[in-house]
Amino acid sequence: MHLRGIIVGNKQKFVIGLTLVIAILCFPAVVYAHGAFIEYTSSVEIEIVATYDTGEPMSDAQVVVYAPDDPANPWLTGVCDEEGRFTFTPDSSKTGTWDVQVRKSGHGDTAHIPVGDGGGTTGETGGYTVLQIVLMSVCVIWGFIGTALYFSRRKA
Amino acid sequence: MHIPDGFLPASVCAAGYVATAAVAGYSIYKINKQEDPREDIPKAALMTAAFFVVSWIHIPVPPSSVHLILGGLMGAMLGYYAFPAILIGLFFQAVMFQHGGLTTLGVNAIVMGVPALLAYYVFRLKNVGNHSGPAKTGLFGFLAGFGSIAVSVVLVVVVLLTFVPAGLDLSMERTATISLIIAHVPLMFIEGAFTALVVVFLLRVQPRLLGVA
């Protein structure tokens with residue numbers, strides 16, 4: 001439509017020019033690709049580090065990942081590296097708790113990692129401090145000693 | 001050698017509990033037949049405490065580390081008390097430290113408790129024959145300690161490799177498990193020697209402690 005306007009004549013240059021401007025303003029995206037869209041999908045990469053409770057890394061331990069919608073069949077399997085590290089990107093459409101099991105010769109643990117809905121970003125399984133362990137041990141041992149004392153009191 | 005939660009199918013965990021209940025029931029039945037069932041409870045309680053803490057004392061055996069289990073010593077010293085004692089010790093280890101798990105408690109009790117009872121039967125053989133001096137006591141103490149670890153390792157390996165979950169590379173797990181067995185061979189000797197030392201020491205200073213009926 002505006003191309004035809006250009007051929008019409010010099011006197012009408014201003015009008016044609018105006019038409020062009022209006023046309024450009026009306027169809028900006030069609031005429032020139034100055035507009036831009038960004039589509040995004042955020043994906044979370046999960047990194048786990050598996051260590052024995054002695055602090056030694058579980059090198060080459062096998063990892064089995066279970067998606068929230070199918071806790072019976074593995075979604076992904078893999079192997080930790082030398083430092084006990086393993087990274088994977090869960091399917092972000094499957095929100096819920098992902099179970100990551102690490103196992104090496106019958107030792108291991110299962111981590112329950114929430115994905116989506118603003119779930120936690122870091123976490124650990126077990127993880128007591130040395131002080132807590134000592135305190136808990138002392139309490140339990142005192143229980144055993146108390147039992148021993150109770151049942152030996154008749155002899156005295 | 002504690003099997004954690006989630007490593008065994010539910011049916012195996014249930015079977016473990018049934019077996020544990022049976023063995024614990026039999027042990028308690030045997031204890032009740034003794035003249036004074038309460039007499040050895042203090043000893044059993046203190047041995048349970050030792051069993052409970054000893055899993056924190058790691059002995060480095062390259063490339064990994066192992067810890068004493070005391071199954072053989074408990075069998076030798078406690079007789080039928082050993083099984084309930086180990087069951088209670090494992091319960092506290094599972095609850096407090098996540099060593100093992102509550103669902104696998106039954107299986108773990110069988111894996112460690114039954115060898116302890118076998119160790120008791122072995123240790124009792126020292127009374128066969130005329131004299132039971134320190135050398136003989138030490139020898140059977142060694143056999144009790146050594147044997148209990150050996151049987152435990154065999155049991156745990158059979159359980160682990162029989163019930164490998166789908167999705168796990170069986171051959172890789174088998175290789176890792178074989179290295180676990182190798183790591184426990186020195187432990188068999190350490191545990192045997194430790195058990196022998198303790199029973200010989202007790203024979204000298206407090207022989208009454210070894211006189212389990």
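In this predicted model, the buried residues of helix 1 of chain B are B:C13, B:G16, B:T20, B:V23, B:S27 and B:I31. The buried residues of helix 1 of chain B pack against helix 4 and helix 5 (105–124) of chain B. Helix 1 itself covers residues 10–32 of chain B, 23 residues in total. From its first C-alpha to its last it reaches 33 Å, close to the 33 Å expected at 1.5 Å a residue.

Helix 4 of chain B, residues 82–97, also has a partner in helix 3 of chain B. The axes of these two helices come within 9 Å and cross at roughly 140°. At that angle helix 3 of chain B is oblique to helix 4 of chain B, because only angles over 145 degrees count as roughly antiparallel. On the side of helix 3 of chain B, the contact involves B:G71, B:M74, B:G75 and B:L78. They meet B:A82, B:A85 and B:I86 in helix 4 of chain B. By class, the residues of this contact comprise 5 nonpolar and 2 polar, with no charged residue.

The backbone of B:L70 has a phi near 70°, a positive value in a residue other than glycine. B:L70 counts as buried because 29 other C-beta atoms lie within 10 Å, where 20 or more are required.

Strand 2 of chain B contains B:H67. This residue has 19 C-beta neighbours inside 10 Å and therefore counts as partly exposed. Beyond its neighbours within four places in sequence, B:H67 is in contact with B:V54, B:S55, B:I57, B:H58 and B:I59. The C-alpha atoms of B:H67 and B:S55 are 5.6 Å apart, and the two residues are 12 residues apart in sequence.

B:I59 belongs to strand 1 of chain B, residues 58–61. With 12 other C-beta atoms within 10 Å, B:I59 is exposed. Not counting residues up to four places away in sequence, B:I59 touches B:S65, B:V66, B:H67 and B:I190. Between B:I59 and B:V159, which are 100 residues apart in sequence, the C-alpha to C-alpha distance is 25 Å.

Attention now turns to chain A. There are 4 helices and 6 strands in chain A, and along the sequence they follow the pattern α-α-α-β-β-β-β-β-β-α. Of the 156 residues of chain A, 19% count as buried. Among the contacts in chain A with a separation of 6 or more, 46% are accounted for by residues 24 or more positions apart.

In chain A, 4 strands form an open sheet with antiparallel pairing, in the order 3-2-5-6. Strand 3 (76–79) and strand 6 of chain A stand at the edges with a single partner strand each, so one side of each is left without a neighbour in the sheet. From one strand to the next, the twist averages 20°. Strand 2 and strand 3 of chain A run antiparallel and are joined by 4 bridges. Within chain A, A:V64 stands opposite A:T77 in strand 3.

The loop between strand 1 (46–49) and strand 2 of chain A holds A:D60. Although A:D60 is not a glycine, its phi is positive, at about 60°. A:D60 is partly exposed, with 14 other C-beta atoms within 10 Å.

The two chains come together where 25 residues of chain A are in contact with 31 residues of chain B. On chain A, strand 2 (62–66), strand 5 (96–104), strand 6 (107–115) and helix 4 (130–152) each supply at least two residues of the side that touches chain B. Helix 4 of chain A gives the most to this side, with 11 residues. Sorted by class, the side of chain A that touches chain B has 10 nonpolar, 12 polar and 3 charged residues.

Methods. Residues are numbered from 1 along each chain as its sequence is written. Chains are lettered from A and ligands numbered from 1 in the order in which they are written. This is a predicted model: local features need pLDDT of at least 70, side-chain atom pairs count only at pLDDT 80 or more; totals for chains, interfaces and linings use all residues. Two residues are in contact if their C-beta atoms, placed from the backbone, lie within 7 Å. Ala, Val, Leu, Ile, Met, Phe, Trp, Tyr, Cys and Pro count as nonpolar, Asp, Glu, Lys and Arg as charged, and the others, Gly among them, as polar. Axes are lines fitted to C-alpha atoms, for helices over the stretch in contact, and angles run from 0 to 180 degrees between N-to-C directions. Angles under 35 degrees count as roughly parallel, over 145 as roughly antiparallel, 65 to 115 as roughly perpendicular and the rest as oblique. The expected span of a helix is 1.5 Å times one less than its number of residues. Two strands pair if DSSP finds at least two bridges between them.
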